Amino acid sequence: MRIHVQNPPNDPHFEITEAQWNAALARHPDMGPMAVSFARDDEGFARAIGEAEVLLTWTRQLRARFPKGALPGLAPRLKVIATTSAGLDPAAPFDWLPDEVALLNNRGAHGDKAGEFGIMAILMLHTRMPAFFEQQRREEWKPIFTSTLEGRRVLIIGLGALGGGIARRARAFGMRVIGVRNGANPHPDCDETHPAEALDSLLPGADFLVLACPLTERTRNILSRERIALLPPGARLVNMARGPIWDQEAVLDALDAGHLEGCVTDVTVPEPPPPGHRIWKTPGMVVTPHISADDLVRYNDRTLDILMENLRALREGRPLPNRVDPARGY
């Protein structure tokens with residue numbers, strides 16, 4: 001099997017290396033020898049893609065590499081395109097993808113790191129850290145006392161690796177965990193699960209709301225201005241999904257008005273926000289630069305393990321665990 005790894009031109013933190021590839025083969029010796037090439041430039045891509053059966057690359061490169069109609073002609077042997085991210089919204093719409101080529105996401109690589117970030121964000125908001133940050137800038141010593149998380153209700157929209165990782169840790173703190181997903185199938189780390197259609201009825205009871213769902217046309221602006229108004233006064237918000245999932249201006253207005261007590265967001269619109277954007281200065285808002293789910297030490301190893309698991313399934317004629325349904329977008 002011929003595999004090509006197309007790294008981005010400049011990514012010193014998460015470029016997949018030959019040493020990491022060899023370590024992955026050592027962890028999966030049953031996969032046997034494979035012909036693998038690595039590149040980060042256009043010339044390297046052009047040399048490899050005509051013979052590649054599997055391409056591992058970054059999601060944001062896909063539409064540029066494969067304009068509509070380019071496949072299968074550009075890569076006649078290609079069977080699998082594997083990506084290094086869970087969310088594939090930058091590659092949508094998927095009109096460039098032939099039915100015979102399987103598109104894989106990286107679902108499963110993010111859960112542990114995202115779970116830790118999510119519970120950190122909840123703890124920060126619960127202990128009023130954004131208020132303490134403001135007080136520190138004003139050189140003001142003013143105690144604010146809070147309680148524990150036990151019994152507080154957290155509503156998590158999206159129960160994939162991100163949302164599931166947060167749910168597991170929230171339950172460990174004694175929180176009441178309510179999940180929203182497509183359908184109402186139970187989740188082992190949730191006290192309740194509900195379909196997306198029930199969201200409006202759930203928002204008024206949420207002490208915390210966590211956004212952890214993929215961006216699709218169905219979830220775009222799922223947290224609208226109207227839904228923000230349904231949250232109880234003093235609710236706290238965490239966004240680890242995508243910027244277009246929410247009405248960002250409405251969130252900032254709700255913080256300014258005191259309807260929301262605090263927010264931690266790892267995503268913004270645009271990304272990054274320009275200098276002078278109100279999101280930098282809005283009281284109660286904490287912004288991190290899209291780092292919540294990326295484990296600097298383990299991410300690439302887990303990415304390659306996931307790829308091996310899918311290639312093993314391909315070899316054995318089983319469904320590919322990470323195959324994306326283009327109609328759903330994930």
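1. A polar contact is a pair of N or O atoms within 3.5 Å; within protein, one must be able to donate a hydrogen and the other to accept it, and residues adjacent in sequence count only if both atoms are side-chain atoms. The model is predicted: local features need pLDDT of at least 70, side-chain atom pairs count only at pLDDT 80 or more, and totals for chains, interfaces and linings use all residues. Residues are numbered from 1 along each chain as its sequence is written, and side-chain values use heavy atoms, with hydrogens and water left out.

2. Asn-7 lies in the loop between strand 1 (2-6) and helix 1 (18-27); helices (H or I, at least four residues) and strands (E, at least two) are DSSP runs, numbered from the N terminus. Asn-7 counts as buried because its relative accessibility is 2%, where buried means under 20% relative accessible area, exposed over 50%, and partly exposed in between (1.4 Å probe, protein chains only). With residues up to four places away in sequence not counted, Asn-7 touches Glu-15, Ile-16, Ala-39, Arg-40, Trp-58 and Gln-61, contact meaning heavy atoms within 4.5 Å.

3. Thr-265 belongs to strand 11 and is buried, its relative accessible area being 0%. Its side chain reaches the backbone oxygen of Val-267 at 2.6 Å. Neighbours within four places in sequence aside, Thr-265 is in contact with Asn-239, Trp-246, Ile-279, Met-285, Val-286, Val-287 and Thr-288.

4. The largest nonpolar core has 31 residues, of which Leu-155, Leu-209, Leu-211, Leu-237, Val-251 and Leu-260 touch the most other members. Strand 6, strand 7 (176-181), helix 7 (199-202), strand 9 (208-211), strand 10 (235-239), helix 9 (248-257) and strand 11 (260-265) each supply at least two residues of this core. Helix 9 gives the largest share, five residues. A nonpolar core is here a set of buried Ala, Val, Leu, Ile, Met, Phe, Trp, Tyr and Cys residues joined through side-chain atoms within 4.5 Å. Leu-260 touches Ile-228, Leu-231, Ala-235, Leu-237, Val-251, Ala-254 and Leu-255, not counting residues up to four places away in sequence. A second, separate core of 26 residues includes Leu-125, Ala-167, Ala-170 and Val-177.

5. The structure holds one cavity of 30 Å³ or more, and the largest cavity has a volume of about 50 Å³. On a 1 Å grid over the protein atoms alone, a cavity is a set of points where a 1.4 Å probe fits but cannot get out, and lining residues have an atom within 4 Å of a point. Grid points are joined across faces, edges and corners, and a volume is the space filled by probe spheres set on the points. Among the residues lining the largest cavity are Leu-56, Thr-83, Asn-106 and Asn-310. Strand 4 (80-83) and helix 10 (299-315) are the elements that give two or more residues to this lining, and helix 10 gives the most, with four.

6. Val-101 sits in the loop between strand 4 and strand 5 (102-104) and is buried, with a relative accessible area of 5%. Val-101 and Ser-147 are 46 residues apart in sequence and 52 Å apart in space, C-alpha to C-alpha.

7. Arg-138, in the loop between helix 5 (129-137) and strand 6 (153-157), counts as partly exposed because its relative accessibility is 49%. A polar contact of 3.2 Å joins its side chain to that of Glu-140.

Terms used
1 Å grid on protein atoms, 1.4 Å probe; cavity = no way out; pocket = protein on both sides within 12 Å on 5 of 7 lines; lining within 4 Å.
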